[in-house]
Amino acid sequence: MYRLLTRSLGRGLLRAAGRRYRGCSARLLPGLAGGPRPEVQVPPSRVAPHGRGPGLLPLLAALAWFSRPAAAEEEEEQQGADGAAAEDEADKAEAEIIRLLKRAKLSIMKDEPEEAELILHDALRLAYQTDNKKAITYTYDLMANLAFIRGQLENAEQLFKATMSYLLGGGMKQEDNAIIEISLKLASIYAAQNRQEFAIAGYEFCISTLEEKIEREKELAEDIMSVFVFLIKEG
């Protein structure tokens with residue numbers, strides 16, 4: 001009875017295996033007696049159809065993921081190179097402006113105002129091209145003083161006003177010594193042109209601003225002195 005059950009169970013398992021692994025064949029190990037190798041059906045490999053399965057998508061995603069840092073690094077390196085090149089060009093332009101301004105000063109010292117004016121115009125053009133605000137302001141100031149020395153009062157007035165505008169636009173206060181100096185020169189120009197009202201207003205501005213600065217300096221000096229005396233007494 002045990003043998004019959006064993007044989008029946010074996011046949012049932014073999015039939016179930018045959019139904020389950022129907023699709024492709026594979027050879028089993030040879031029988032004990034060396035007989036022919038029976039063939040049974042095994043399931044086909046689960047490979048997605050060409051062009052339809054998800055097998056290619058993970059690869060593409062991985063390639064895209066690893067290519068992003070490289071592209072970002074390339075872009076950053078390119079931006080860094082462009083920035084360095086632009087900075088290098090700005091440094092070269094600034095050095096050229098300084099060289100031109102020195103040449104202009106030398107021409108003024110040698111009493112060659114026409115040559116100095118041409119050089120200053122070249123410096124101003126380069127300063128505008130590179131948007132160098134400090135160079136523009138300094139060049140305007142030199143041009144204004146040159147025109148003032150040569151007696152070109154109208155030209156000097158416009159140049160001094162342009163200089164003052166750039167200084168105030170850059171954050172300089174009206175009580176700064178540079179603003180007071182330009183205001184004094186403008187008042188002198190107005191006086192030479194018989195524009196008495198503007199001249200008086202300019203002189204009054206310079207005087208009142210200097211008086212206020214002197215008063216503040218005096219108060220500050222007194223405060224410092226009192227603190228100094230207190231420290232000496234405490235010491």
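Q: Which residue, with a positive phi near 80°, follows helix 4?
A: This is a predicted model, in which local features need pLDDT of at least 70 and side-chain atom pairs count only at pLDDT 80 or more, while totals for chains, interfaces and linings use all residues. Residues are numbered from 1 along each chain as its sequence is written, and side-chain values use heavy atoms, with hydrogens and water left out. Helices here are DSSP runs of H or I with at least four residues, strands are runs of E with at least two, and both are numbered from the N terminus. The residue that follows helix 4 with this positive phi is G151.

Q: What pattern of helices and strands does the protein chain follow?
A: The protein chain holds seven helices and two strands. Read along the sequence, they follow the pattern α-β-β-α-α-α-α-α-α.

Q: What distance does helix 4 reach from its first C-alpha to its last?
A: Helix 4 covers residues 133–149, which is 17 residues. The expected span is 1.5 Å times one less than the number of residues. For helix 4 this expectation is 24 Å, and the reach in the model is close to it, at 24 Å.

Q: Which helices do the buried residues of helix 5 pack against?
A: The buried residues of helix 5 are A156, E157, L159, F160, A162, T163, M164 and L167. One of them, F160, is in contact (heavy atoms within 4.5 Å) with D141, A144, N145, F148, I182, K185, L186 and I189, leaving out residues up to four places away in sequence. The buried residues of helix 5 pack against helix 4 and helix 6.

Q: Which residue takes a positive phi just after helix 5?
A: The end C-alpha atoms of helix 5 are 24 Å apart, which agrees with the 24 Å that its 17 residues should span at 1.5 Å a residue. Just after this helix, a positive phi of about 105° is taken by G171.

Q: Which residue forms a salt bridge with R195?
A: R195 lies in the loop between helix 6 and helix 7 and, at 28% relative accessibility, counts as partly exposed. Leaving aside neighbours within four places in sequence, R195 is in contact with E157 and Y190. A salt bridge needs a side-chain nitrogen of Lys or Arg within 4 Å of a carboxyl oxygen of Asp or Glu. With the closest N and O atoms 3.1 Å apart, the partner of R195 is E157.

Q: Is E157 buried or exposed?
A: The salt bridge between R195 and E157 has its closest N and O atoms 3.1 Å apart. That pair links distant parts of the chain, 38 residues apart, with E157 in helix 5. At a relative accessible area of 5%, E157 is buried.

Q: How far apart in residues are R216 and E175?
A: R216 and E175 form a salt bridge whose closest N and O atoms are 2.7 Å apart. R216 is in helix 7 and E175 in the loop between helix 5 and helix 6, so the pair links distant parts of the chain. R216 is partly exposed at 39%, as is E175 at 31%.

Q: Which residues form the nonpolar patch on the surface?
A: Patches take residues with over 30% relative accessible area and no salt bridge, joining like charges within 9 Å and nonpolar side chains (Val, Leu, Ile, Met, Phe, Trp, Tyr) within 5 Å. Y203, in helix 7 (residues 196–234), is partly exposed at 31%. With about 260 Å² of accessible area together (Shrake-Rupley method, 1.4 Å probe; for residues, only the protein chains shown count as cover), the patch is formed by L184, Y203 and I207.

Conventions. Buried < 20%, exposed > 50% of the residue type's maximum accessible area, 1.4 Å probe, protein only.
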